[in-house]
Amino acid sequence: MNSEIVISVRELTKRFGDFTAVDRISFDVHRGEIFGFLGANGAGKTTAMRMLCGLSYPTAGSGSVAGFDVMREGEKIKRHIGYMSQRFSLYNDLTVWENMRLFAGIYGLNRRETEERASALLKRLNFEAERDTLVGSLPLGWKQKLSFAIATIHRPEVVFLDEPTGGVDPVTRRQFWELIYEAASEGTTIFVTTHYMDEAEYCSRVSIMVDGEVRALDTPARLKQQFAAESMDEVFRTLARGAQRGE
Amino acid sequence: MRTFLVLLQKEFLQIRRNSFLPKLIIAFPIMVMLIMPLIMTMDVRNVNVAIVDLDRSTTSRRIASHVEASEYLTLAQTTAEYPLALEALEQGDVDVIVQIPADFERDMAVSTPEHISITANAVNATKGGIGMQYVVQTIVRTLGEIGGERAPVKVSELITVENRYNPTLNYRHYMIPALMIILFILICGFLPALSIVGEKESGSIEQINVTPISRFTFTLAKLVPYWIIGLFVVTVAMLIARLVYGLAPVGSVWAIYLGAVLFILTISGFSLTIANFSDTMQQTMFVMFFFIMIFMLMSGLLTPVDSMPEWAQRFTLILPPRYYVEILRAVYLKGTTLSELWINYAALGGFAVVFNTLAAITYKKRS
């Protein structure tokens with residue numbers, strides 16, 4: 001594994017009034033890693049991820065993403081990352097191609113680069129026939145694959161994926177993870193949250209958040225060993241059982 | 001630059017794809033400009049008059065026929081009993097009662113007759129007041145004619161007249177500028193705000209916020225389409241005013257366009273600021289309605305600023321529509337030039353800068 005650190009977080013904290021959503025989390029993520037960011041609903045995963053993407057100001061602590069400070073250089077970070085929100089957030093009233101062209105343009109790709117990358121992505125996704133389809137009319141699984149493609153259209157150093165496969169069928173999930181692997185093998189760092197424990201097994205390393213804190217962090221194999229568990233599912237349950245928060 | 005262009009392209013595509021926005025943008029100004037001037041009139045017409053004729057003379061019949069012939073008055077009934085007329089007034093069938101005293105004609109010929117009494121229903125103060133003025137004028141004219149024929153007594157001694165209303169004033173010409181402003185407020189004010197909040201509701205703004213795009217670029221790309229649409233609206237409105245109502249500006253068309261540009265900038269910047277503070281369409285609509293009420297009712301669009309209480313007149317100084325409606329009316333009706341109205345243009349320019357800066361500052365990419 002490449003040892004270059006792409007994301008580094010120290011004591012990162014986010015409080016909303018009295019409520020501490022993220023409580024002094026610290027970890028490092030290396031280049032090309034698929035970093036699984038697990039936790040029950042309400043554990044603070046999305047809040048932590050939003051701080052790393054420059055969408056939310058940390059209350060305390062420090063961190064850097066792609067070499068830029070999360071506190072002060074949020075806008076610079078945004079140049080080097082891709083982000084796929086939990087909620088589908090491309091433009092439903094634009095076509096597949098128009099969405100690609102829009103985001104490529106926003107990231108400063110010129111006309112020729114846009115054309116090349118968008119065509120390559122369409123081909124990779126087998127989406128060529130859907131080029132002029134309105135995004136709103138695509139099935140969910142396709143939307144998610146398209147979101148991922150657009151999040152990586154500018155070849156970012158890190159891609160943040162917030163529950164990218166929620167509600168997606170097993171076949172499409174499989175295809176989605178193939179896309180993730182391919183991006184990682186090209187050197188893109190993947191930071192992904194999920195509730196599917198089979199997906200956790202695919203990650204290079206996994207952290208598990210409970211009540212705003214990171215309670216465990218290691219490769220899936222070592223975590224299973226540490227908690228004397230058969231599967232990641234068991235590891236997760238052992239940790240999450242003690243959670244105070246939840247739905 | 002390319003970033004700005006792709007964003008602009010996106011905004012235009014979204015407007016075009018919307019199932020009702022393009023129709024609204026085209027049909028709304030046409031409809032408002034065609035229909036509203038016909039309806040929004042303060043001219044008082046169809047004033048129902050009852051004549052209590054105790055005189056039964058040529059003079060009293062002549063008054064009645066003049067009332068009947070008036071464009072503004074309708075002779076609802078002629079009776080010999082005041083209580084009957086009063087009952088009709090109470091029931092709303094009659095707006096003004098004219099009582100001509102007995103022996104009016106004879107007395108007029110020889111000395112000072114008893115006064116003609118006029119009773120008006122002033123529940124609708126405007127209609128009552130103006131209706132009464134019309135009646136008075138009609139009677140004065142009738143008596144004047146008779147007086148001219150055999151004049152021993154001066155008419156002015158019979159009735160005192162205070163004519164404060166000019167019935168030849170064409171109210172439409174006063175209203176059309178106001179309607180143009182209402183169109184701007186609705187189209188260039190509401191639509192960009194709803195478009196931003198729509199992105200908040202659909203979540204797509206998050207995907208934008210996570211990109212390095214500057215908030216100025218994003219805000220500008222949101223506004224430019226509505227500026228263009230605003231210029232289209234003012235052109236349509238001016239054409240209709242010209243072709244349908246024969247109202248052409250006495251002054252320069254460019255003075256109107258310059259004002260339009262500044263006013264559109266102001267109102268769209270204002271609406272984006274509100275959108276930045278709202279999370280849902282409902283919130284935006286409500287807050288916008290609140291301000292639009294103030295804009296419409298307090299900035300002299302419908303009622304003259306001069307007749308407002310002193311404190312309210314001072315308050316209108318912070319209302320942008322006030323400045324533009326003054327420009328429109330002055331240029332349209334009086335032919336006032338740009339240099340004479342420079343204070344109004346400067347005020348609008350100031351508002352445009354303030355609101356657009358506010359809109360860009362209050363748009364937060366990060367929470």
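1. Helix α1 of chain B, in this predicted model, runs over residues 2–17 and comprises 16 residues. From its first C-alpha to its last it reaches 22 Å, close to the 22 Å expected at 1.5 Å a residue.

2. The buried residues of α1(B) are Thr3(B), Phe4(B), Val6(B), Leu7(B), Leu8(B), Lys10(B), Glu11(B), Leu13(B), Gln14(B) and Ile15(B). Their cover draws on both chains: it includes α3 (96–106) of chain A, and from chain B it includes α2 (21–39), α7 (171–202) and α9 (215–245).

3. On the α2(B) side, the contact is made by Leu21(B), Leu24(B), Ile25(B), Phe28(B), Pro29(B), Val32(B), Met33(B), Met36(B), Pro37(B) and Leu38(B). The residues contributed by α7(B) are Arg172(B), Ile176(B), Leu179(B), Met180(B), Leu183(B), Leu186(B), Ile187(B) and Leu191(B). By class, the contact of α2(B) with α7(B) has 17 nonpolar residues, one charged residue and no polar residues.

4. Cys53(A) is found in the loop between α1 (45–52) and β4 (60–65) of chain A. Its relative accessibility is 0%, so Cys53(A) counts as buried. Leaving aside neighbours within four places in sequence, Cys53(A) is in contact with Lys78(A), Ile81(A), Tyr83(A) and Phe160(A), and with Val210(B) of chain B. Cys53(A) and Ile81(A) are 28 residues apart along the chain, while their C-alpha atoms are separated by 7.4 Å.

5. Two non-glycine residues with positive phi may be noted. In chain A, Glu11(A) has phi near 55 degrees. Glu11(A) belongs to strand β1, residues 5–16 of chain A. With 42% relative accessibility, Glu11(A) counts as partly exposed.

6. In chain B, Asp103(B) has phi near 60 degrees, likewise a positive value in a residue other than glycine. Asp103(B) is located in the loop between β3 (96–100) and α5 (104–110) of chain B. Because its relative accessibility is 37%, Asp103(B) counts as partly exposed.

Note on methods. Residues are numbered from 1 along each chain as its sequence is written. Chains are lettered from A and ligands numbered from 1 in the order in which they are written. This is a predicted model: local features need pLDDT of at least 70, side-chain atom pairs count only at pLDDT 80 or more; totals for chains, interfaces and linings use all residues. Side-chain values use heavy atoms; hydrogens and water are left out. Helices (H or I, at least four residues) and strands (E, at least two) are DSSP runs, numbered from the N terminus. The expected span of a helix is 1.5 Å times one less than its number of residues. Buried means under 20% relative accessible area, exposed over 50%, partly exposed in between (1.4 Å probe, protein chains only). Contact means heavy atoms within 4.5 Å. Ala, Val, Leu, Ile, Met, Phe, Trp, Tyr, Cys and Pro count as nonpolar, Asp, Glu, Lys and Arg as charged, and the others, Gly among them, as polar.
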